[in-house]
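Subject: Structure for your review

Dear colleague,

My notes on it follow directly after.

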Amino acid sequence: MNKDMQELLDEARDVASKAYAPYSGFKVGSALRLSDGKIISGCNVENASYSLSICAERSAIFKAISEGRKDITALAIWVDSDKIFPPCGACRQVIYEFAPEIPIWYANENETVKTTMQELLPGAFML
Ligand code: THU
């Protein structure tokens, strides 16, 4: 892994500590890189009405879009848990909307996996 990607994963790990996850206990952080090198991060935010919760990946992507930025070049996801997981289906669809070609890294303390949207969402729906 190169230095930029390590930095992105470190950022995802930092922001995971800000997650609000009292119901699942899964604290997730996500960080995306923009074409000028800027990093935007987001964490999962849960709610007592469970379905209102937002995942870390969508949190970061919606922040970027809200700042007028769609030039996403890479995405990192960190979960503060023994169980590692790739982005959920809803997040895959949202990542695909804005960044269908980017590398995606997901990790926890023990393991780091690199993947692509082509692998995660083959035959994606798009208008
Ligand atoms: N979660 C994420 O933040 N990203 C994913 O891709 C999968 C799940 C969060 C949502 C919820 O707060 C917790 O993890 C358990 O599902």
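The sulfur of Cys 43 has its closest cysteine sulfur in Cys 55, at 11 Å, which is too far for a bond. Please note that this is a predicted model. Cys 43 is also buried, its relative accessible area being 11%.

Cys 91 is likewise in no disulfide, and the nearest cysteine sulfur, which belongs to Cys 88, lies 3.7 Å away. Cys 91 counts as buried because its relative accessibility is 0%. In total, the structure holds 0 disulfides.

I turn now to the ligand, which sits in the largest pocket. The residues that surround the ligand are Ser 24, Phe 26, Val 28, Asn 44, Glu 46, Cys 55, Ala 56, Glu 57, Phe 85, Pro 87 and Cys 88. Sorted by class, this shell comprises 7 nonpolar, 2 polar and 2 charged residues.

- Asn 44 places a polar side-chain atom 2.9 Å from an oxygen atom of the ligand.
- Ala 56 has a backbone N or O atom 2.9 Å from an oxygen atom of the ligand.
- Cys 88 likewise has a backbone N or O atom 2.9 Å from a ligand oxygen atom.

On its own, the ligand has 370 Å² of accessible area, of which the protein covers 80%.

Yours sincerely

How values were computed:
Residues are numbered from 1 along each chain as its sequence is written. This is a predicted model: local features need pLDDT of at least 70, side-chain atom pairs count only at pLDDT 80 or more; totals for chains, interfaces and linings use all residues. Side-chain values use heavy atoms; hydrogens and water are left out. A disulfide is a pair of cysteine sulfur atoms within 2.5 Å. Buried means under 20% relative accessible area, exposed over 50%, partly exposed in between (1.4 Å probe, protein chains only). A residue is near a molecule or strand if one of its heavy atoms lies within 4 Å of it. A polar contact is a pair of N or O atoms within 3.5 Å; within protein, one must be able to donate a hydrogen and the other to accept it, and residues adjacent in sequence count only if both atoms are side-chain atoms. Accessible areas come from the Shrake-Rupley method with a 1.4 Å probe; for residues, only the protein chains shown count as cover. On a 1 Å grid over the protein atoms alone, a cavity is a set of points where a 1.4 Å probe fits but cannot get out, and a pocket is an open set with protein on both sides within 12 Å along at least five of seven lines; lining residues have an atom within 4 Å of a point. A molecule sits in a cavity or pocket if more than half of its atoms lie within 2 Å of its grid points. Ala, Val, Leu, Ile, Met, Phe, Trp, Tyr, Cys and Pro count as nonpolar, Asp, Glu, Lys and Arg as charged, and the others, Gly among them, as polar.
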